[in-house]
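This report describes a single protein model in terms of fold, packing and side-chain pairs. Please look over the sequence and the coordinates before reading on.

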Amino acid sequence: MLKKILLALVVALPLSAAAQKFGTVRIDDVFSAMPETTEMQNQLNEASKKYEAEFQKLQEELNKLYTDFQGIQNDPNTPETIKERRMQEIQDRATKVEQFRQTATQDLQRQQEQLLAPIQAKFNDAVKAVGQEGNFTFILPMDAGLILYQGNDVVDVTALVKTKLGIK
C-alpha cells in the first residue's frame with residue numbers, strides 16, 4: 001500500500017509541476033516608468049533642498065561663532081570666562097547642528113516611506129491582477145538577484161504589468 005502511494009506521488013509531482021506557470025517582472029523598469037515615482041522623487045528633492053538650505057544656515061552660524069572665538073582666543077585682555085562661554089556656545093551649536101541633520105535625515109526617510117507605500121500597493125495590485133489573469137503560479141522579481149537560472153518557459157510579465165498600470 002505504501003509503495004502504491006509513493007508511486008502515485010512520483011508520477012503526480014512531475015505532472016503538477018508541468019502545469020505551473022512562472023513569470024518574472026523587472027521591478028526597477030516598472031517603478032521608473034510610473035509617473036507617481038517621478039512625483040515622489042520631486043517631492044523628496046524639494047524637501048531635501050529645504051533641509052539643505054536650513055542646514056547651510058546653521059553651519060554658517062557655527063562657522064561665524066568659531067571665527068569670532070579664534071579672534072579672542074589669543075587676546076590676553078579677554079577674560080577666560082568669556083572664552084569658556086564662547087567655547088561652550090560653539091559646542092552647543094555644533095550639537096544642535098548635528099541633531100538637526102539627524103532629524104532631517106529621519107524625516108526624509110519617513111516621507112519617502114509614506115510616499116512610496118501607495119506606489120508599492122498599486123504595483124502589487126497590478127502584479128496580482130496580471131498573475132490572476134494569466135494563471136501564473138509565481139511572479140518573481142528579476143532585478144532582486146534571487147533568480148540564478150531561468151528556463152525558456154518562464155514569462156517576463158513586465159510589459160503586462162506596465163499595461164495594467166497604464167504605462168507605455
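The text below goes from the overall layout to the core, the aromatic pairs and the salt bridges.

## Basis

The model is predicted: local features need pLDDT of at least 70 and side-chain atom pairs count only at pLDDT 80 or more, while totals for chains, interfaces and linings use all residues. Residues are numbered from 1 along each chain as its sequence is written, and side-chain values use heavy atoms, with hydrogens and water left out.

## Layout and surface

The protein contains 5 helices and 3 strands. Helices (H or I, at least four residues) and strands (E, at least two) are DSSP runs, numbered from the N terminus. Read from the N terminus, the order of elements is α-β-α-α-α-β-β-α.

Of the 168 residues in the protein, 22% count as buried. Buried stands for under 20% relative accessible area, exposed for over 50%, and partly exposed for values in between (1.4 Å probe, protein chains only). The protein exposes about 12200 Å², of which carbon and sulfur atoms supply 56%; accessible areas come from the Shrake-Rupley method with a 1.4 Å probe, and for residues only the protein chains shown count as cover.

Among contacts in the protein with a separation of 6 or more, 84% are between residues 24 or more positions apart. A contact here means heavy atoms within 4.5 Å.

## Nonpolar core

The largest nonpolar core has 17 residues. Such a core is a set of buried Ala, Val, Leu, Ile, Met, Phe, Trp, Tyr and Cys residues joined through side-chain atoms within 4.5 Å. The residues with the most contacts inside this core are Val25, Val30, Phe123, Ile139, Val157, Val161 and Leu165. Two or more core residues come from each of helix H2 (27–33), helix H3 (35–73), helix H4 (80–133) and helix H5 (158–165). H4 gives the largest share, 5 residues.

Which residues does Ile139 touch, leaving aside its neighbours within four places in sequence? Ile139 is in contact with Gly23, Thr24, Val25, Val127, Val130, Gly131 and Val157.

## Aromatic rings

Rings of Phe, Tyr and Trp (its six-membered ring) pair if their centres lie within 6.5 Å; planes under 30 degrees apart count as stacked, over 60 as edge-to-face and the rest as tilted. By this rule there are 3 aromatic pairs. One of them joins Phe22 and Phe138: the ring centres are 5.7 Å apart and the planes are at 5°, so the pair is stacked. Phe22 belongs to strand S1 (residues 22–25) and Phe138 to strand S2 (residues 138–141), so that the pair links distant parts of the chain, 116 residues apart. Phe22 is partly exposed at a relative accessible area of 28%, and Phe138 is also partly exposed, at 45%.

A charged side chain is found at another ring. Lys21 lies over the face of Phe136, 4.7 Å from the ring centre. The criterion is that NZ of Lys or CZ of Arg is within 6 Å of the ring centre and within 35 degrees of the ring normal.

## Salt bridges

Side chains of opposite charge can pair when their charged atoms come close. A salt bridge is counted when a side-chain nitrogen of Lys or Arg is within 4 Å of a carboxyl oxygen of Asp or Glu. A search of the whole structure finds 10 salt bridges.

| Pair | N to O distance | Helix and spacing |
|---|---|---|
| Lys64 and Asp68 | 3.1 Å | H3, 4 residues apart |
| Glu89 and Arg85 | 2.5 Å | H4, 4 residues apart |
| Arg110 and Asp107 | 2.2 Å | H4, 3 residues apart |

What is the accessibility of the partners? Lys64 is exposed at 54% relative accessibility, and Asp68 is partly exposed at 32%. In the second pair, Glu89 is partly exposed at 27% and Arg85 is partly exposed at 44%. In the third, Arg110 is partly exposed at 40%, whereas Asp107 is buried at 13%. Arg110 and Asp107 are separated by about one helical turn, because they are 3 residues apart in helix H4.

Arg26, Asp29 and Asp156 are linked in a network of salt bridges.

## A further position

Asp92 is found in helix H4 and is partly exposed, at 40% relative accessibility. Asp92 and Leu62 are 30 residues apart in sequence and 9.6 Å apart in space, C-alpha to C-alpha.
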